[in-house]
Amino acid sequence: MSPLVAMVEKVTTAAPAGTVYAVERWRDLRVEMLPLLVRHWREVALNHADVPLDIDEARYRQLDEAGGLHIVTARRDGLLIGYHVAIVSPHLHYASTLHGITDVYWIAPECRHGVTAMRMFQAVERELKSLGVRKLFTATKLHLDQGALFERLGYRPVERLYAKLI
């Protein structure tokens, strides 16, 4: 087991309103997380007919086993209500600096009140920093803009991402 994998074994942080944020492994979460990924896709993805949801579970498993997948979950009464998934690795342009690239993040709509999202991102930052990550990249959908949350957490916009079906 890599040192990174050993470090990401479950670490929990209690938060207000009974929400618990924890580092969890894909291998342990897979069955519970897949239905939420479907809900997430239905809510936020565009072009459903042209780009169907087709989760590369083998790749998630490989990244998890290699210590390159970092997942922070949000739970209430033990029930998974949200997650943040990041790929952790040195950047191709900055080999000496560990980066976190957000893959996906989501909180169930019925649980989006108070400071749940802010606390989840604070837990993500704390956990990634403890692994030596120096820079975290995340994004927001323009049609579901979370920019105000990120700016409140100290993020600043650095790029604009474009997509085109071809």
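This text goes through a predicted model, starting with its nonpolar core and then turning to a helix pair and a histidine.

In soluble globular proteins, nonpolar side chains tend to be buried together. The largest nonpolar core of this model contains 38 residues. Trp26, Met33, Tyr83, Val85, Met120 and Phe121 have the most contacts inside this core. At least two core residues come from each of the strands β2 (19-24), β3 (69-76), β4 (79-91) and β5 (94-107), and the helices α2 (26-44), α3 (57-66), α4 (116-130) and α5 (147-152) likewise each supply at least two. Met33 gives a local view: apart from neighbours within four places in sequence, Met33 is in contact with Trp26, Leu80, Tyr83 and Val85.

Two packed helices are described by the angle between their axes and the distance between the axes. For α2 and α3, the axes come within 10 Å and cross at roughly 150°. Angles over 145 degrees count as roughly antiparallel, so α2 and α3 are roughly antiparallel to each other. On the α2 side the contact is formed by Trp26, Arg27, Arg30 and Leu34; on the α3 side, by Glu57, Tyr60, Arg61 and Asp64. Of the residues in this contact, five are charged, three are nonpolar and none is polar.

His99 lies in strand β5. His99 counts as buried because its relative accessibility is 3%, where the cut-off for buried is under 20%. A polar atom of the His99 side chain lies 2.9 Å from the backbone oxygen of Thr97. Leaving aside neighbours within four places in sequence, His99 is in contact with Ile87, Val88, Ser89, Pro90, His91, Tyr94, Val133, Lys135 and Phe137.

Conventions
Residues numbered from 1 in each chain as written. Predicted model: local features only at pLDDT ≥ 70, side-chain atom pairs only at ≥ 80, totals over all residues. Heavy atoms only, no water. Core = buried A, V, L, I, M, F, W, Y, C linked by side-chain atoms within 4.5 Å. Buried < 20%, exposed > 50% of the residue type's maximum accessible area, 1.4 Å probe, protein only. Helix = DSSP H or I, 4+ residues; strand = E, 2+ residues; numbered from the N terminus. Contact = heavy atoms within 4.5 Å. Polar contact = N/O pair within 3.5 Å; in protein donor to acceptor, adjacent residues only side chain to side chain. Axes fitted to C-alpha atoms, helices over the stretch in contact; angles between N-to-C directions. Parallel < 35°, antiparallel > 145°, perpendicular 65-115°, else oblique. Nonpolar A, V, L, I, M, F, W, Y, C, P; charged D, E, K, R; others polar.
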